[in-house]
Amino acid sequence: MPRENMTRYAVLGLLTTECRTGYDMKQMIDRSLNHFWKISFGQVYPMLRTLETEGLIHQVEDNERKAYELTSSGHDELRQWIAEEPDTLPVQRNELLLKLFFARHETMEQTISKITHHERLLRERLETYKAIETMIQASDSQSPDAVYWLLTLDYGKRQTKALIEWCEAAVITLKGGENDGAQNGRPE
């Protein structure tokens, strides 16, 4: 499904949280959704207009700001979309893997440097996830969404830990050692 359609459902879903304005949505996107789904600020307001035109949301007054809430049709569309099972795995664009694929054209030290830099970034991401988890547990634990937010966060934490493990194993392989996934630079 095209990304714009997914933005549609992200905006509908955000309206089920405490987000009522485009600004509130962008804040929530920056704090949470951007860790697994990219939505630009430039997508939010046009999507709000589209959803309002389609009768899935309507404006409400909120301290002189343009605020929105779902209509019953909006709730129905969101529920229907949530009920559908995803039928494909996402394709990830990863610059490191693209460069690694062609890495025979650089020195081993340069390749290892890229991987260890990537590992540092992953460790920073893991710390961010831990901070978000602490925040949810401290301030949002009573929210009916909290368990789902924590599940989403757990996915990110586990994936990040696995990627850190891959970085460590890749460096061992490149240095001529053996690891579970490869021997002498060749897959088992």
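**Close-up views of a predicted model**

A search of the whole structure finds three aromatic pairs. Rings of Phe, Tyr and Trp (its six-membered ring) count as a pair if their centres lie within 6.5 Å; planes under 30 degrees apart are stacked, over 60 edge-to-face and the rest tilted. This is a predicted model, in which local features need pLDDT of at least 70 and side-chain atom pairs count only at pLDDT 80 or more, while totals for chains, interfaces and linings use all residues. Residues are numbered from 1 along each chain as its sequence is written, and side-chain values use heavy atoms, with hydrogens and water left out.

**View 1. Phe 41 and Tyr 45 form an edge-to-face aromatic pair.** The ring centres are 5.4 Å apart, with 85 degrees between the planes. Both residues belong to helix H3 (residues 41–53). They are four residues apart there, so about one helical turn separates them. Helices (H or I, at least four residues) and strands (E, at least two) are DSSP runs, numbered from the N terminus. Phe 41 is partly exposed, at 38% relative accessible area. Tyr 45 is partly exposed too, at 33%. Buried means under 20% relative accessible area, exposed means over 50%, and partly exposed lies in between (1.4 Å probe, protein chains only).

**View 2. Phe 101 and Phe 102 form another edge-to-face pair.** Their centres are 5.1 Å apart, and the angle between the planes is 85 degrees. Phe 101 is exposed, with a relative accessible area of 68%. Phe 102 counts as partly exposed, at 47%.

**View 3. Helix H3 has its buried residues on one face.** H3 has 13 residues. From first C-alpha to last, H3 reaches 19 Å, close to the 18 Å expected at 1.5 Å a residue. That expected span is 1.5 Å times one less than the number of residues. The buried residues of H3 are Val 44, Met 47, Leu 48 and Leu 51. Seen down the axis, they fall within an arc of 110 degrees, so they line one face of the helix. The arc is that of the directions from the helix axis to the C-beta atoms. On the other side of H3, Gly 42 and Thr 53 are exposed. Gly 55 follows H3, and its phi is positive, near 80 degrees.

**View 4. Helix H2 (residues 22–31) packs with H3.** The angle is about 140 degrees, and the axes are 10 Å apart. That makes H2 oblique to H3. Axes are lines fitted to C-alpha atoms, for helices over the stretch in contact, and angles run from 0 to 180 degrees between N-to-C directions. Angles under 35 degrees count as roughly parallel, over 145 as roughly antiparallel, 65 to 115 as roughly perpendicular and the rest as oblique. In H2, Gly 22, Met 25, Lys 26, Met 28 and Ile 29 are buried. They cover an arc of only 160 degrees around the axis, which puts them on the same side of H2.

**View 5. Leu 122 sits in helix H6 (residues 108–139).** Leu 122 is buried, with a relative accessible area of 4%. Its C-alpha atom is 18 Å from that of Thr 134, 12 residues apart along the chain.

**View 6. Gly 74 lies in helix H4 (residues 72–83).** Gly 74 is buried, at 0% relative accessible area.
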